[in-house]
Protein chains: 4
Amino acid sequence: MDLSLRQQDLRDRLIRVRQFSEQLCQPLEPEDCVVQPITDVSPPKWHLAHVTWFFEQFMLLPQGHEPFHPKYTYLFNSYYESVGDRTARPLRGFMTRPTLKEILAYRHHCDRALLKLLEKAQGSEVLDLLELGIHHEQQHQELLLTDIKYILGLNPLFPTYRTDLKGSVEHADLVPQEIDSGLQKQSHPPFNYIPIEPGLYDVGDRGDRFCFDNELGRHPVYLPGAEVADRLVTNGDYLAFIEDGGYQQFHHWLADGWDWVNRTGAIAPLYWHYLEGQWFEFTLGGLRSLNLTAPVSHICYYEADAYARWAGHRLPTEFEWEVAVRLQGKGARSRDRGQNPDNPVSDDAILSEVTSESAGFVDGDALQPMPPQPGDRQWFGQVWQWTASAYLPYPGFRQAAGAVGEYNGKFMADQWVLRGASCATARSHARLTYRNFFQSPKQWQFTGLRLARSRPA
Amino acid sequence: MDLSLRQQDLRDRLIRVRQFSEQLCQPLEPEDCVVQPITDVSPPKWHLAHVTWFFEQFMLLPQGHEPFHPKYTYLFNSYYESVGDRTARPLRGFMTRPTLKEILAYRHHCDRALLKLLEKAQGSEVLDLLELGIHHEQQHQELLLTDIKYILGLNPLFPTYRTDLKGSVEHADLVPQEIDSGLQKQSHPPFNYIPIEPGLYDVGDRGDRFCFDNELGRHPVYLPGAEVADRLVTNGDYLAFIEDGGYQQFHHWLADGWDWVNRTGAIAPLYWHYLEGQWFEFTLGGLRSLNLTAPVSHICYYEADAYARWAGHRLPTEFEWEVAVRLQGKGARSRDRGQNPDNPVSDDAILSEVTSESAGFVDGDALQPMPPQPGDRQWFGQVWQWTASAYLPYPGFRQAAGAVGEYNGKFMADQWVLRGASCATARSHARLTYRNFFQSPKQWQFTGLRLARSRPA
Amino acid sequence: MDLSLRQQDLRDRLIRVRQFSEQLCQPLEPEDCVVQPITDVSPPKWHLAHVTWFFEQFMLLPQGHEPFHPKYTYLFNSYYESVGDRTARPLRGFMTRPTLKEILAYRHHCDRALLKLLEKAQGSEVLDLLELGIHHEQQHQELLLTDIKYILGLNPLFPTYRTDLKGSVEHADLVPQEIDSGLQKQSHPPFNYIPIEPGLYDVGDRGDRFCFDNELGRHPVYLPGAEVADRLVTNGDYLAFIEDGGYQQFHHWLADGWDWVNRTGAIAPLYWHYLEGQWFEFTLGGLRSLNLTAPVSHICYYEADAYARWAGHRLPTEFEWEVAVRLQGKGARSRDRGQNPDNPVSDDAILSEVTSESAGFVDGDALQPMPPQPGDRQWFGQVWQWTASAYLPYPGFRQAAGAVGEYNGKFMADQWVLRGASCATARSHARLTYRNFFQSPKQWQFTGLRLARSRPA
Amino acid sequence: MDLSLRQQDLRDRLIRVRQFSEQLCQPLEPEDCVVQPITDVSPPKWHLAHVTWFFEQFMLLPQGHEPFHPKYTYLFNSYYESVGDRTARPLRGFMTRPTLKEILAYRHHCDRALLKLLEKAQGSEVLDLLELGIHHEQQHQELLLTDIKYILGLNPLFPTYRTDLKGSVEHADLVPQEIDSGLQKQSHPPFNYIPIEPGLYDVGDRGDRFCFDNELGRHPVYLPGAEVADRLVTNGDYLAFIEDGGYQQFHHWLADGWDWVNRTGAIAPLYWHYLEGQWFEFTLGGLRSLNLTAPVSHICYYEADAYARWAGHRLPTEFEWEVAVRLQGKGARSRDRGQNPDNPVSDDAILSEVTSESAGFVDGDALQPMPPQPGDRQWFGQVWQWTASAYLPYPGFRQAAGAVGEYNGKFMADQWVLRGASCATARSHARLTYRNFFQSPKQWQFTGLRLARSRPA
């Protein structure tokens, strides 16, 4: 069989990605796969079905395939108005059927059909859709992990997702122990800053390989000059904010943020527990002592912003963030302010250059933000980093026609851009120009922050 | 080993009842056992655990047993304030752990301990608690069935609970068919009435064998004279109300009921579906054509009351209902107005006399209200019957001390008494004097109605 | 002009009642007349208009009168579905127009038309409607006072409604003063009890003069024997409950009541304020030191029930209450259990016999429950008394045809009967058989309690 | 008395502005001044008091003045956390006291104190605060008008605020009339576009006279090239969107916008009414036939964005908007891309150049957006124009210390910038660089839109 190189590559990635989603659910009990404790958190088996529906709906049905089941379109559509009615989002968690087993059968049925379709695929349109579908499934792999964490984390039994992760614990030992109290109070390293000179910089993706429509269009922006921290804010840094009364003092907070504090009674990041006089953190590897040198995570925009104000700094814009990465990458050093149009250094080269071995999400990882290796600035692979930029279209943004056009553009209101990638992002899914986006109060993703400051005039 | 007769009897019942609860969950997938789509509906695995917790909490722990798991008290307490904190009721459906399997292990552990305890039980207190526990578990068996029905019934796939029930269907055939439209329009039998002369009647339980505290205390009531229908209102009867515009005309409804209609958009009982020009009903045996001669079920108080007004009648009080049963039973015929204090006919004799073979809930039954056999007036075994009586204490009602006292008395506000027993009530759990109670808008139980009318002055 | 006696009497009462409603609003500022801080509390100017609408709708329009304003029917209908659409109840408080002045013009216009209509009235139907309208307006006079109290009472400035009431204060003096702490701790008189022998008693109204449909139909009830306290529970009694931790101990409360305590954070009756180490009570005469010997008021059913449990008693049923009044009235003393059908003592005679001079609501009164005069058992004229009876139809209850039939019957679900009359009830509006009704959590009426207990078997 | 020039100027403005606020409330009845039908809409008398509180709190109290009333600080603080507790915002509308009259007394008391203070004022700090207070009151004058409109507009009687406004009607004549249907269907003028070349432009305020902190800091931005329409979108334009099914087709809408449409049932801008086959618009001058050539108003961001998408355009960013005004002003024509740092043309000169005589809000105006005079591009004085820019800090933004710092900065999340000024903005309050801001779903302000489009690459 004579498959083109791209066909072959996508085939391999399709198989790997499809298998990996199921692998992520292997440690779960069927009971874990059903529930939706908050609207944001979808049932694991819904994720497994929805990503399959995406392939079936946009690739198989247009080719004349019969639907696997006449009602699955209704059950597993997420938000595509073009495709018709669907289960109201908050009701996903009450659909006990189809069972996990039946959904796996649905997956395998569609997998076989997709591989056949791929063999005889003509033209790039089908391959483009397949690649989109692969990235779509990778996005849902990250959601699978964060949603599983939420489901297990609200259970008073604190169940462990996987005991073979770095640092996993079978049962949290909450009996007062010989705590090295120095550990919880230890000093944290200073922040160093990457300077950005005032001037014009190019940002955005050139579009020479896959990216989402919302990051497309390399274009100039004027930056007034700033400094971006070369490390993430850690749990230890954040604890100092808490201990300084950060959650009790309105003047660190946005008005909406202060309302959020009062409404929710928040006193710390999601998953932090103060037990027996000590801070613990629930992780996919169980409940553990808070690791003070690891990046802080599961904070919402309000918390990120409040921390930055308290620290006398601010969040970087998404453009400052992107330019700082480019400047830090070796390839960028020779460029004049990063905007040399003839620059031969690709974004992918920069990405791989600034990303440490330990970053990104592959099997065997911690599935939890970890302290940096020497020299690692943790742009990618630990936490998504809230930026000070609202999620808005780039100049010349065009929504694709049809249902696929509903992917990104219709969410461009009242959300923030997050940059980087987290410990739950598939490594092959990270991109230098990736624009993730969430609303201000969301905490359930692996979200943290990096400080920035304006340069003195 | 020499067990007393009562010990032996309770031992047998305990074993049977405990096994039966698990048998009820056998047709379920683990996924079905987790969710709580509305606050009223608890997850099946929660029921299995909670009834076990009841035995552990009130029988095993006081005897010095170790708790099976230190957090199960918190997880599986329903509403006993005396016992301490508990999972907020609306959150039961997010507790994916312990799994069904772990809960079965909990059950078997406690079963063994209970049987041992029973062997050496001294005095009636332990046996009384055990009997209460058995009845408590039988109550939850009914809830298990109604909650399973709700969970499956909201699924667009309409899954079948058991295909071996009377009248089960594998898949509802919704393709327009040769409908015998006569069937859906057929005339229904006339109502005959059991007359109650004005006078004093004794009601309530004598307390000579197990009953709940709320039905205790045989006492006189004065009845002004009434007539109680000798059959239940059927689906066919109720359809006539619907087709007459019953849900569109405010004057049939209580003010709160009319608000309920407008708020919920109700146009028919729960589980009725109008598909392809025909009425269907979701049952534990799947989606079926509406059976017009079966008793109407899954209506709330507002609907029962509105139907009765539309029909020019009213609901019976709980006393009229009880007296009518006594009058109808052979034993009552010789009595002067049912109040002969020397009446040798026991309530249990009357109960068994007025109950047809087909009534009540045993394995192999329909688990759905069925048309009456000739001569069966369906007092018991089809639907709980809304009465016009608010759920209030009988004269001299006394709440037991301690946690067991929280069983009934604290709910005596803003609920209605329902009498009889449904197709999901364990046959050995039904009693002539049983007082079930629910709030006005509840539909998810097998609830129907029987008409009554005042006698002309 | 020769008016019949009844015509003349109704004419006089109409004029007095209509004037009195306006007099009640005289101390208000126009601003006070608009708002609706909770759904239960209607704007004073809405009351003034709605009672007028009642006369216009049911008396003037059927006689061919032009509506005063084409939209007033929509604006001032309360809950009469028969009459058509109406302003949603929670929106009444945003209707700033018509102004108070315009509504007074509407009133006077209709007053003139009514008086003319009355002159030429033929037959009793018109007169019956007029009498109903007068009583309807008297009901709203009570609501006017309780709603005004609520509107002023939530204002941090604690405005005084009238400074000429008994005990009024211009400004509460909250500066710590020489408090006679003995006063707040003083012992309260013992409870004496009126015994009711077991037996049949007649209750309800004979219908020989005006009463509402819900109290109609003198009929026998069997009472099992009880004792009803000869005085109301006072603020001092109730304070003992509070100080004993009553609001912190679940076992005194109904399940719904305990939820209510936790949801609302209630720690005392409505309008009680603990300021500067002392209890105050907001009254229509301003904020005053709590009067420990006055009847407790503004408690909901849950509080009344919890107090009674804490005290080891219970609430009387509405029948026990009515029979106790009859027994206490001299006229009843000669009766055998109050059921002598030839009893010549009318309900009105009993009412006037048991009602002290100070009871009921006339101009110059305190508009606040007051300590009893010697010998006064305060059945009427201080607080409505929660009973243990659900609000249900009497035997043979018939709803009137048409809109007037919506007056009472459609509310017979999930409410409690209150008996007596309060300090805000017009004296000529009180009746021995009067059945007032409210839902469990309502506190904004002048509602208190009287204890009862079952007799030892 | 020898007052400095600035003192004299501020004194005059203070007197004028304070009087004008009261003048705005003159046509109101006291009843209109109390209510708060939605959280956004504050009671008119609250506005009158709050602006006074602002002067008292920040100018008089620090100078040692006694508070006029000890509780007014609590009652009339809006959102200043620094100042302490305050009435919860949604409860403002239940505070019937102090009355309008009492609030006017409060105003006059503070006016006298302010004038005295101004006489002996030393240094610019006091004068700066006074100027801020004047602008603060002007902002609330706009809110007064929009809130009055909302209060009157929800009343089924459609009361007229002022009958002496241009185009006022005493009573809307809804009787079907000789409608010039051509009028409602007439063609609307074409859009012409002001081109913006790609390049760097300076935006923001130079700070050489009063402006808010959020517009401060003239700074360069890079614009990729765009065209901005030279006229506003009219009611006629917008009607074409409605008639084309705009509110029924999801693909014009942001995801949140489509939710908003479905949740609210919106089918047209706020205040539009379809009566007797014709579109009407509620205005401060009463209910009128929709003026098709006037700018559309009272649309939320979702509607503005949906209209622009439907029209194949987009909203301008706030920078494109500002640059287009500068380019259109004569002073800008000689500039190279508007960024000549030596440009002698001040922002105020441009503002006055591009603003027609009819624009802005002075007594005798229409208080309703009006069709343009020839040559008037209506940048200012008709409607605030939604931009595609999120409300975020300018580079180097610094929040002032203390309570005054809570003015703008803490709202920089999840809101949009609106530019221009409306028919309810005081003319002396408009500025070229003014940044107004509201959340996406707000409709109650005079908000409209102006189209833009990117230039072809």
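This is a predicted model: local features need pLDDT of at least 70, side-chain atom pairs count only at pLDDT 80 or more; totals for chains, interfaces and linings use all residues.
Residues are numbered from 1 along each chain as its sequence is written, chains are lettered from A and ligands numbered from 1 in the order in which they are written, and side-chain values use heavy atoms, with hydrogens and water left out.

**Exercise 1. Get to know chain A**

Task: find how many helices and strands there are in chain A, and what share of its residues is buried.

Solution: 
- Start with the elements: chain A has 12 helices and 12 strands. Both are DSSP runs numbered from the N terminus (helices are H or I with at least four residues, strands E with at least two).
- Next, burial: of the 457 residues in chain A, 60% are buried. Buried means under 20% relative accessible area, exposed over 50%, and partly exposed in between (1.4 Å probe, protein chains only).
- Last, contacts, meaning heavy atoms within 4.5 Å. Among the contacts in chain A with a separation of 6 or more, 79% are between residues 24 or more positions apart.

**Exercise 2. Compare chain C with chain D**

Task: work out which rotation superposes chain C on chain D, and look at how the two chains meet.

Solution: 
- Two copies of a chain are related by a rotation about an axis and a shift along it. For chain C and chain D, the rotation is 180 degrees and the shift is 0.1 Å, with an RMSD of 0.0 Å. That's the relation of a two-fold axis. The superposition is by least squares on the C-alpha atoms of residues with pLDDT of at least 70 in both copies.
- In chain C, the C-alpha nearest the axis belongs to Glu31(C), at 2.5 Å.
- Now the contact: 29 residues of chain C touch 30 residues of chain D. The copies meet through the same surface, because 100% of the interface residues of chain C are also interface residues in chain D.
- The two chains bury about 2600 Å² between them, 67% of it on carbon and sulfur atoms. Buried area is the accessible area (1.4 Å probe) that two parts lose on being put together, summed over both.
- Glu31(C), Phe94(C) and Arg97(C) supply 28% of the area that chain C buries against chain D, more than any other three residues.
- Two salt bridges cross this interface. The side chains of Arg97(D) and Asp32(C) meet in a salt bridge at 2.6 Å, N to O. (The rule wants a side-chain nitrogen of Lys or Arg within 4 Å of a carboxyl oxygen of Asp or Glu.)

**Exercise 3. Now chain D and chain A**

Solution: 
- A rotation of 180 degrees with 0.0 Å of shift superposes chain D on chain A, with an RMSD of 0.0 Å.
- Asp414(D) comes closest to the rotation axis among the residues of chain D, its C-alpha lying at 2.3 Å.
- Tyr222(D), Phe250(D) and Asp414(D) supply 23% of the area that chain D buries against chain A, more than any other three residues.

**Exercise 4. Follow some salt bridges within a chain**

Task: find which parts of the chain are tied together by Arg13(A) with Glu131(A), and by Arg453(C) with Glu227(C).

Solution: 
- The whole structure has 110 salt bridges over all chains. One of them joins Arg13(A) and Glu131(A) at 3.4 Å, N to O. Arg13(A) lies in helix H1 (residues 5-25) and Glu131(A) in helix H5 (residues 124-153) of chain A, so the pair ties together parts 118 residues apart in sequence. Glu131(A) counts as buried, at 11% relative accessibility.
- Arg453(C) forms a salt bridge with Glu227(C), with the closest N and O atoms 2.7 Å apart. Here strand E12 (residues 450-454) holds Arg453(C) and strand E4 (residues 226-232) holds Glu227(C), so the linked parts of chain C are 226 residues apart in sequence.
- Are these two residues of chain C buried or partly exposed? Arg453(C) is partly exposed, with a relative accessible area of 31%, while Glu227(C) is buried, at 16%.
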